Amino acid sequence: MKYFLGVDPGWTNLAYAWLNEEGELLMGCLNPKALPRGILTPFKVAEAMESFDLFEDTLEGAVMERFVYYDGVSNPDSERILMVTGQLQFWLADHHAVVPVMIKAFDWKNRLSKHLYKQGFRNPSDRLDKKFSLAAARFAFPDYEFKTDHEADAACMAYIARLLHNA
Amino acid sequence: MLCSSSYEWRFIMKYHLGLSINCGKIAVCVLDENGALTEAGTFENLPGDTTSAVNGIDHFIKTNIKDSISGAAMYHSKSTRDILLAGQLLYMLRSKYVNRVHIENDWIRTFNDVMVEAGGDCLKDGDGIQWADLVDTCTTLFRGVQISNCYIPAACLTAISAGRHS
């Protein structure tokens, strides 16, 4: 079976969502800042996948949110978020032979919004904000609960990874 | 480093690995534990490929110095592209070769330290680092290195830092 990955990188909240072809999701949110010394973030993302029983399966695609400086200003966490993103990029290429598609938040939300609209989804917010993410994730995956908007974002990106693969 | 085998004591050379990331280029320098230059070169991503530079360095390490790295350090510029490359390198090095990678924030400070040890201090003079100082010092320190820009000297000086933090 094919499966897909969506990642919303962060320094205190890094969300991931593994999605298989049948629409089953496995989500989680990590705090890379609090990981013990010697534990690399990709190890923890991979660890979660192990319980998905995917040994015979292949990761077909991954989408990660591209970091954008807010108002063009960097802060101490900007560098750390980019470092973690770089780690995930190399891990995906090295372990799974997958080059993740990097998409800015506005771009993936805009694309998903248009796609889901055709299926009857209506954005409850007038922006592409957290409210949109949670509503879009619930619409795309009605059988799942999303604890945070980070997990919702990751699930939406996994959904897009599958869309891109099937396009 | 001396290691015992069944019949003899033999000398196993350990290496200090220095990496400098600037403008999408990764300069690599390997110094032996006596500080002599062993290898130096630059890697760059192929067009449309985001990981080929780090893959190239992985291959280089695997082929040449796999089990002999005693310290690793990296410097990176603050641009988005270079920090992403630094993250890739950090994961590759720590997951395969070393437990710790020292992040060198200021290779010019290391350069000045090296100059102070040699009797000069260009920062104290107020003149700052001059290109000629860098070429002269690095040509003397790292025999055989070709210096046409800052990339390789920065990697060599970061390799010195790797040795100091190992």
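Which residue forms a salt bridge with B:E44, and how far apart are the closest N and O atoms? The partner is B:K25, and the closest N and O atoms are 3.8 Å apart. A salt bridge here is a side-chain nitrogen of Lys or Arg within 4 Å of a carboxyl oxygen of Asp or Glu.

This is a predicted model, in which local features need pLDDT of at least 70, side-chain atom pairs count only at pLDDT 80 or more, and totals for chains, interfaces and linings use all residues. Residues are numbered from 1 along each chain as its sequence is written, chains are lettered from A in the order in which they are written, and side-chain values use heavy atoms, with hydrogens and water left out.

**Within chain B**

B:E44 sits in strand 5 (residues 37–44) of chain B, and B:K25 sits in strand 4 (residues 25–32) of chain B, so their pairing ties together parts that are 19 residues apart in sequence. Helices (H or I, at least four residues) and strands (E, at least two) are DSSP runs, numbered from the N terminus. B:E44 is partly exposed at 46% relative accessibility. B:K25 is partly exposed as well, at 25%. The scale runs from buried (under 20% relative accessible area) through partly exposed to exposed (over 50%), with a 1.4 Å probe and protein chains only.

**Salt bridges**

Over all chains, the whole structure holds 6 salt bridges. Between chain B and chain A the count is 2.

| Pair | N to O distance |
|---|---|
| B:K78 and A:E79 | 2.8 Å |
| A:D94 and B:K96 | 2.9 Å |
| B:E44 and B:K25 | 3.8 Å |

The side chains of B:K78 and A:E79 meet in a salt bridge. This pair crosses between chains: B:K78 is in the loop between strand 6 (69–76) and helix 2 of chain B, while A:E79 is in helix 2 (residues 76–96) of chain A. B:K78 counts as exposed, at 52%. A:E79 is partly exposed, at 24%.

A:D94 and B:K96 also pair through their side chains. Their bridge runs from helix 2 of chain A to helix 2 of chain B. A:D94 has a relative accessible area of 29% and is partly exposed. B:K96 is partly exposed at 33%.

**The interface**

In contact (heavy atoms within 4.5 Å) are 21 residues of chain B and 20 residues of chain A. About 1800 Å² is buried between the chains, and carbon and sulfur atoms give 65% of that area. Buried area is the accessible area (1.4 Å probe) that two parts lose on being put together, summed over both.

Which elements give two or more residues to the side of chain B that touches chain A? They are helix 1 (52–64) and helix 2 (80–96) of chain B. Helix 2 of chain B gives the largest share, 12 residues.

**Nonpolar cores**

A nonpolar core is a set of buried Ala, Val, Leu, Ile, Met, Phe, Trp, Tyr and Cys residues joined through side-chain atoms within 4.5 Å. The largest core has 55 residues. A:W18, B:L17, B:I26, B:I61 and B:L93 touch the most other members. Helix 2 of chain B supplies the largest share of this core, 9 residues. A second, separate core has 27 residues, including A:I103, A:L116, A:F121 and A:L134.
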